[in-house]
Amino acid sequence: MASILRFRKLCYVEPVKFQSFGSQKIDQKLDKKEEAVNDILAAKKLFQANNKKKNYTKKQPREWRCIDSCCWVIGYLCTTWWLLLLLYSCFPATLPGFQVPESPGVRLKREGLTSLHPVVLVPGIVTGGLELWAGKPCSEGLFRKRLWGGSFTEIFKRPSCWLEHLSLHSETGLDPPGIRVRAVPGLVAADYFAPGYFVWAVLIENLAKIGYEGKNMYMAAYDWRLSFQNTEIRDKALSRLKSKIELMYVTNGYKKVVVVPHSMGVIYFLHFLKWVETPPPMGGGGGPGWCAKHIKAVMNIGPAFLGVPKAVGNMFSAEGKDVAYIRAMAPGVLDSEILGLQTLEHVMRVSRTWDSTVSLLPKGGETIWGNLDWSPEEGHACHLGKKGNFRPSPIENNANHSDRKSSFQIKEKVKCGRMISFGKVESQLPSSQIPSLDPKEFSRTSTPDNMKSSCREVWTEYDEMSRESIRKVAEKKVYTARTLLDLLRFVAPKTMRRAETHFSHGIADNLDDPKYDHYKYWSNPLETKLPDAPDMEIYCLYGVGIPTERSYVYKLSPNDRCKSIPFRIDTSADGDGNSCLRGGVYFVDGDGSVPVLSAGFTCAKGWRGRTRFNPSGIATYIREYQHKPPASLLEGRGLESGAHVDIMGNVALIEDVLRVAAGASGADIGGDRIYSDIIRMSEKINLHL
């Protein structure tokens, strides 16, 4: 009974010590039990206290940074994109109301079309993949991994290292010491730019439907950062292209090759046409009849023959309409000094080492692009306010269109010849009120050394200009295609001095002058002759009906920190109603990247018939594709898109390429098909032919 009472006290009552000698051993045991119980209670209290502390800690608000917001936004966008792709791939092809239309390749194969002429694909700027062969220690583990194209994961892992390896040497335009980045070879070089974003993949698939494969189809990949002649000097890219065309010609039953270049690849291949027949060491030594023997047709997709105005914005301020819009909506993302991103400064620093960007500057000066009072596109109504695109009149024609009624609607006299204007008013003033510009007035004054030492690490050529020189640029108010080159030589002297040894942007007075035998003129259709190949055909295939950048309204940047870009597009400059001015950019008809003028003029006038630029009378055809946005998400980027890259999935364009590759001529596929006003614009250009 005593034992039971002691146990009850142990569990429910504060324990007491007994003094009797007989129970001394029992008391010692009870003391040990009491100590154990006390230890358990103490541990329990400590555990509860720790839990309370943790709960309190969890409730504390976490400090949130801007960079966290950016990462979450990027994560949400990527997740949404991949979910949409997953849903798209899960939809059955036979879902009622959402049947996938039959591809052109399947339909033409059923009609009996089969592969005949070998096909060579020539990618343009940016769309081709680049991989690492040698690099700095920061690139450990990236051997033969894609630095450009693909997943772009290295941008987020090590952005500084990534930018360093994509840059070229600022003086030679070739590899920096210790770095070798090369073009990805094969069809995978430019089939997809990123996962789910096709470039050549759809066209390749449709060519395969009618029998094309590795033996009669080839992707002429090259390093699009280099000047065209440097692709030969460093990589022997032009020699390899020549050998491949000759091999395909022989192994495919002596069938001539159909070449399909895209965007900048168009002027790259124009350079090749002159290089291949020029004697060595400057040329490939193929002789005067090489092109006539080996090439059936050149089908230029989205051709940038005369350059693109958006290259001006890239060189001058590292921005275009999209970047300017982002900067206006969320200025902290690109310009915040707190984040210190200096995104545009990094873009400018890298892109100014690429000579290829200079190849895309407008060619032909004021003769082609207009002056202070005139431009070929004047009198055009943009209709930007309602639908965001143009409304050209669809006209099917096989003639020269010289007598057809204009599809333009005269609404306002747009002075697009003023490619850069500092202020909306200056972009519209009469020329008599604009001060004349003398290039000799430009003078570079270096910044003091004490200012340079306090600047950030991102170097641009603007840091070598004084603020007084920068203000003088803005005071000159207006720049045309002629004075624009002087402006770029002033703000980017090292870039222009290096690149202008490889490219020219003028108009030849006498093409028989021996100076035009130099390679710097070969990519300019206004300073070189087409080869003597009367049976060859040249096509200009491009989209129309999309607002395309033509000229810009600029202002001085409010950010006055050193090594920043001192100019920016004035996004507050807008026009009224049907005005072509939106967000500081004047728009004209085009494919979203290349204006109709640049894409179509050479086929419409410069090379049409026998001219001094086309002495053998090579037949030229214009095939325009009216832009039509996708009807639903299931249509992807559109089966009738006219956009600069998306047009590669346009069913009408694919059908044209397949028919010509299978043996059809330009007359067989319907001759010219013109929706825009390229003929009237061409007639307004006073160019000696």
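The model is predicted, so local features need pLDDT of at least 70 and side-chain atom pairs count only at pLDDT 80 or more, while totals for chains, interfaces and linings use all residues. Residues are numbered from 1 along each chain as its sequence is written, and side-chain values use heavy atoms, with hydrogens and water left out.

A nonpolar core here is a set of buried Ala, Val, Leu, Ile, Met, Phe, Trp, Tyr and Cys residues joined through side-chain atoms within 4.5 Å. Buried means under 20% relative accessible area, exposed means over 50%, and partly exposed lies in between, with a 1.4 Å probe and protein chains only. The largest nonpolar core has 161 residues, and Val120, Trp200 and Phe316 have the most contacts inside it. Helix 10 (residues 264-277) gives the most to this core, with 10 residues. Helices (H or I, at least four residues) and strands (E, at least two) are DSSP runs, numbered from the N terminus. Contact means heavy atoms within 4.5 Å. Leaving aside neighbours within four places in sequence, Trp200 is in contact with residues including Leu121, Pro123, Met219, His262 and Met648. Another core, of five residues, lies apart from the largest one, and Ala573, Cys580, Leu581 and Tyr586 are among its members.

Phe316 also belongs to the buried residues of helix 12, together with Ala311, Val312, Gly313, Met315 and Ser317. In all, six of the eight residues of helix 12 (residues 310-317) are buried. Just after this helix, Ala318 takes a positive phi of about 60°. Helix 12 packs against helix 15 (residues 343-351) at an angle of about 110°, with the axes 8 Å apart. Axes are lines fitted to C-alpha atoms, for helices over the stretch in contact, and angles run from 0 to 180 degrees between N-to-C directions. Helix 12 is therefore roughly perpendicular to helix 15, a term for angles of 65 to 115 degrees. Asn314, Met315, Phe316 and Ser317 of helix 12 meet Leu344, Met348 and Ser351 of helix 15.

Three strands form an open sheet in the order 3-2-4, with antiparallel pairing; two strands pair if DSSP finds at least two bridges between them. Strand 3 (146-148) and strand 4 (180-183) stand at the edges with a single partner strand each, so one side of each is left without a neighbour in the sheet. The twist averages 45° from one strand to the next. Strand 2 (residues 130-134) is joined to strand 3 by two bridges, and Leu130 has Trp148 as its bridge partner in strand 3. Helix 6 (residues 159-166) packs on the sheet, touching strand 2, strand 3 and strand 4.

Strand 17 pairs with strand 14 (residues 546-556) in the antiparallel sense over six bridges, and Asp589 in strand 17 is the bridge partner of Pro547. Two bridges also join strand 17 to strand 16 (residues 581-582), again antiparallel. Here Leu581 has Tyr586 in strand 17 as its bridge partner. The hairpin of strand 16 and strand 17 has two residues between the strands, and Gly583 takes a positive phi near 60°.

Key: Angles under 35 degrees count as roughly parallel, over 145 as roughly antiparallel, 65 to 115 as roughly perpendicular and the rest as oblique.
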